[in-house]
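Colleague: I'm new to this one, and I'd like to learn how to read it. Could you walk me through it, one feature at a time?

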Amino acid sequence: MKRILCIGAGYVGGPSMVVIAEKCPHHRITVVDCNPDKIAQWRSDSLPIYEPGLDEAVKRVRDRNLFFSIDVEKGIKESEIIFVSVNTPTKNFGVGSGQAADLQYWEKTARQIVENAESPKIIVEKSTVPVKTAQAMEEILKMNQNGKKMHVISNPEFLAEGTAMNDLEHPDRVLIGSHESEEAIRARQELVDIYAHWVPRERILTSNIWSSELAKLASNAFLAQRISSINSFSALCEKTGADVTEVARAVGMDSRIGARFLAAGIGFGGSCFKKDILNLVYLCHHYGLPDVARYWEEVVRINEFQKERFVLNMIQSMFNTLSGKRICLFGFAFKANTGDTRESPAISIARRLLEENAHVVITDPKALKNARDDLAEIKGAIDFVEDPYAAACGCDAIAVMTEWEIYRNLDYEEVFSSMRKPAYLFDGRNILDHRELQEIGYSVYPIGKPPMVPL
Ligand code: UDX
Ligand code: ADP
C-alpha cells in the first residue's frame, strides 16, 4: 500500500486522483486544498466541478481509499508520493507580466513540503508548469535540513475537460520524466507501476525531466495551432465563398494531417492553451529565440482576431448598430460538457457586445454561476436565464458560443416565433442545420461559410 497525496483539488487534481483511487484500490489517496469550501464540496453531493462520469466515480471511491482534507501539513507528513496540481496562472504583475507563469502557489507548496517532510518523498509535477520548474522546486527542496531525499518527477496531465474521465482511463500516453540517476529512475519506476495498473506499458513513456515538461507545452501549442490554422482559413472562406467544413474535411482526410481539432469556431478557450503558448513565448525570449517566439505568438493573435471578427460580423450584419438590441448567447462555457469558463471566448465576446450597448442574455446548462462571476465587474445590461427558450424570447439575435448538444435539438420554429424580426442566428460553432434555419426565416451567419438570408 502506498500513501499518495495530491495538493490542489481542481480540474486536474480532483479527477486524476479519483481515477488512480478507482484503479488502485490498495493505495490510499488523500486530496488536499487550501480552499476549505472546495474540500467541503468534494465531500458533498454537489462537486465543485462538472465533468461527465465524475459524480458516479467519486461515490464509488470516496471514503474507501480516496479522502478529501484541508490539512495539507498532515497530508505531507503521512505520504510517500505527492502529486502537485496547484494553479499556475499567467503573471499579471512585474517582470514577465502577461506571459510568464506565476509560480507563487508552486513555491508555497514546495516550502510547505520542505517544512513538513519527515521522510523521503517523490514529488510529482502534475499541473502544467513552465520548463525548468522542477529545477526551481529542487532548489527549494534542498533546503530540507533533515537531509531527506526528495525526487521531483514530471508527469504532465493531458486530460481535456468534458472528456476527462475517459481521457484518464484510456490515455493516448502517460509521460513520466525524471533525472537519470539510478535513484531518480527508481522513483520514476514507482510512478510507472501505479499507471501500469490500467495503462498498457507501451503507452507509458519515460523521458528526461526537461523533455517531459516541454512536451506538455509543445502538445498544447500544436493543438492550439491547428485551431488557429483552421480559423484563419475560415476568414478566407467567408471572403471567397468556400466552405470551411468542406475544406477541413478534405484536409483532414490526409492521414499525415488527421481530422481532429479542425473545427473552426469563435476561437479556443480554456485554462491551458493561451497560458501555455505565452509561457512558451516567454521561454523563447529568455533563451534568445525571438523568431521562434514570434511564430507561436501568432497562434494567440489569430485567436484574438477570430473573436473580434465574430463581433464585427454581428455588428455589420445588424445594420452597424447593436445599441439596445437583445442578443442571446447560447452557451458560456469554453467548450461543451464542462461548467468551466476560464478564457472562454464568450467572455470577451460578451464584453464587446456590452461595449456596443447591446443587451446581453446568457444561457448555459452548467456555467451560469461562473458566467456571473466573470462578468461581475462589467457594466451594462446582462441577464442570466437558465431556459434557452426563455433566454431567446424577445431577442434580435442568437449567437452560439458553446457546442452543447441541447442547442442542436431545440425547436427553432418556436424560438423564431418568440424573437424580434429580422431574427439573426450567428452560429459560432457551426453546429446547427443552417439550411433548415434559413427556411424557418432566420438570417444565418455560420463561421467560414457564406451567410444565408431568408428565402
Ligand atoms: C486542452 C488539451 O486538449 C489537453 O490535452 C490539455 O491537458 C489541456 O488543454 P481543454 O482546454 O480542456 O484541453 O479542451 P480542448 O478540447 O483542447 O479545447 C480547447 C478549446 O479549443 C475549446 O475552447 C474548444 O472549443 C476549442 N476547439 C477545440 C476548437 O475551437 N476547435 C477544435 O477543433 C477543437
Ligand atoms: P487546474 O485546472 O490546473 O486543476 P484549478 O485552479 O482548478 O487548476 O485548481 C488548483 C487548485 O489548487 C485550487 O483549488 C487551489 O485552491 C489549490 N491550491 C493553490 N495553492 C495551494 C496550496 N499552496 N495548497 C493547497 N492547495 C492549493
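Modeller: Helices (H or I, at least four residues) and strands (E, at least two) are DSSP runs, numbered from the N terminus. Bear in mind that this is a predicted model, where local features need pLDDT of at least 70 and side-chain atom pairs count only at pLDDT 80 or more, while totals for chains, interfaces and linings use all residues. Residues are numbered from 1 along each chain as its sequence is written, and chains are lettered from A and ligands numbered from 1 in the order in which they are written.

Colleague: Is Glu-343 buried or exposed?

Modeller: Here's the general idea: a residue is buried if 20 or more other C-beta atoms, placed from the backbone, lie within 10 Å of its own, exposed if 12 or fewer, and partly exposed in between. Glu-343 counts as buried because it has 20 C-beta neighbours inside 10 Å. Its backbone is worth a look too: Glu-343 is not a glycine, yet its phi is positive, about 55°.

Colleague: Which residue other than glycine has a positive phi near 60°?

Modeller: That's Asn-320, in the loop between helix 12 (290-317) and strand 9 (326-330). Asn-320 has 9 other C-beta atoms within 10 Å, so it is exposed. Another exposed residue is Met-143, with 10 other C-beta atoms within 10 Å. You'll find Met-143 in the loop between helix 6 (133-141) and strand 6 (150-154).

Colleague: And where is there a cis peptide bond?

Modeller: Between Lys-421 and Pro-422, with omega about -5°. Pro-422 belongs to the loop between helix 17 (412-418) and strand 13.

Colleague: How do I read strand 13 itself?

Modeller: Check its faces, then its partners. On strand 13 (residues 424-427), Tyr-424 and Phe-426 are buried on one side, and Leu-425 and Asp-427 are buried on the other. For partners, two strands pair if DSSP finds at least two bridges between them. Strand 12 (residues 397-400) runs parallel to strand 13, joined by 4 bridges, and Ala-397 stands opposite Tyr-424. Strand 14 (residues 443-445) is also parallel to strand 13, with 3 bridges; there Phe-426 faces Tyr-445.

Colleague: What does the chain pass through from strand 13 to strand 14?

Modeller: Helix 18 (residues 434-440), in a right-handed β-α-β crossover. Right-handed here means that, with the strands pointing away from the viewer, the path from the first strand over the helix to the second runs clockwise.

Colleague: What surrounds the ligands?

Modeller: A residue is near a molecule if its C-beta atom, placed from the backbone, lies within 6 Å of it. Ligand 1 has 19 residues around it, with Ala-160, Ala-263, Phe-268, Gly-270 and Cys-272 coming nearest. Helix 9 (residues 209-240) gives the largest share of that shell, 3 residues. Around ligand 2 there are 21 residues, the closest being Gly-8, Gly-10, Tyr-11, Val-12 and Val-86. In the ligand 2 shell, helix 5 (residues 104-116) supplies the largest share, 3 residues.

Colleague: And the whole protein: how many helices and strands?

Modeller: It has 18 helices and 14 strands. Its radius of gyration (over C-alpha atoms) is 24 Å, close to the 23 Å that the globule rule (2.2 Å times the number of residues to the power 0.38) gives for 455 residues, so the protein is as compact as a globular protein of that length. Of those 455 residues, 46% count as buried.
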